[in-house]
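Take a moment to look over the fold before reading on.

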Amino acid sequence: MKSFRNDGYRRRVWIASSTSLALSILPMIGCGGESSVTSLSGRVLYEGQPLSNASLMFYPGDGRPVIAPLSNGDYLAQLPPGEYRVTVNLGAELPPGWKEGDPVPPTSRKLPRQFASRLDTPLTATVGPEGKDQTIDFSVP
């Protein structure tokens, strides 16, 4: 019986994870038709070095946030014009030999709390009119 509960639990976690991922990607994909978005790209530095294994979250004044994963410090997001508050989310560094189902270790990297708080973040972005690609770089001390 125990293995049945674990299998059911894993399925529920997988379904919840998959649903969360799909919902976070959906705002970037859109629902078809004309959309007024601007390509926003840039680089994120942490203590002067490109930040990896992390993501940015762009919070508009109204509506759902958009997630932009970081790859070697670089990001790309499709955003409607407007003002955004931006947070930085760190991913865990997985040790060699880690496999699915193993506990995820806490991240050894620490950012000042304000960079992870939607209300306290000093990072902002102003996205201009549609069709104009834009670059905004962020630096986290």
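Strands β6 and β7 pair in the antiparallel sense over four bridges. Two strands count as paired if DSSP finds at least two bridges between them. Look at Gly82: its bridge partner in β7 is Val127.

This is a predicted model, in which local features need pLDDT of at least 70 and side-chain atom pairs count only at pLDDT 80 or more, while totals for chains, interfaces and linings use all residues. Residues are numbered from 1 along each chain as its sequence is written, and side-chain values use heavy atoms, with hydrogens and water left out.

Now widen the view. Four strands make an open sheet in the order β4-β3-β6-β7, with antiparallel pairing. β4 and β7 stand at the edges with a single partner strand each, so one side of each has no neighbour in the sheet. On average, neighbouring strands here are turned by 30 degrees against each other, direction ignored. The angle is taken between axes, which are lines fitted to C-alpha atoms; angles run from 0 to 180 degrees between N-to-C directions.

The protein chain as a whole has one helix and nine strands. Both are DSSP runs: helices are H or I with at least four residues, strands are E with at least two, and numbering starts at the N terminus.

What lies inside? Of the 141 residues of the protein chain, 27% are buried. Buried means under 20% relative accessible area, exposed over 50%, and partly exposed in between, using a 1.4 Å probe and protein chains only. In soluble globular proteins, nonpolar side chains tend to be buried together. The largest nonpolar core here has 24 residues. Such a core is a set of buried Ala, Val, Leu, Ile, Met, Phe, Trp, Tyr and Cys residues joined through side-chain atoms within 4.5 Å. Phe138 is among the residues with the most contacts inside this core. Leaving out residues up to four places away in sequence, Phe138 touches residues including Leu56, Phe58 and Tyr75. A contact means heavy atoms within 4.5 Å.

Turn to strand β1, where Ser39 sits. Is Ser39 buried or exposed? Ser39 is buried, because its relative accessible area is 19%. The side chains of Ser39 and Gln78 are joined by a polar contact of 2.7 Å. That term means a pair of N or O atoms within 3.5 Å; within protein, one must be able to donate a hydrogen and the other to accept it, and residues adjacent in sequence count only if both atoms are side-chain atoms.
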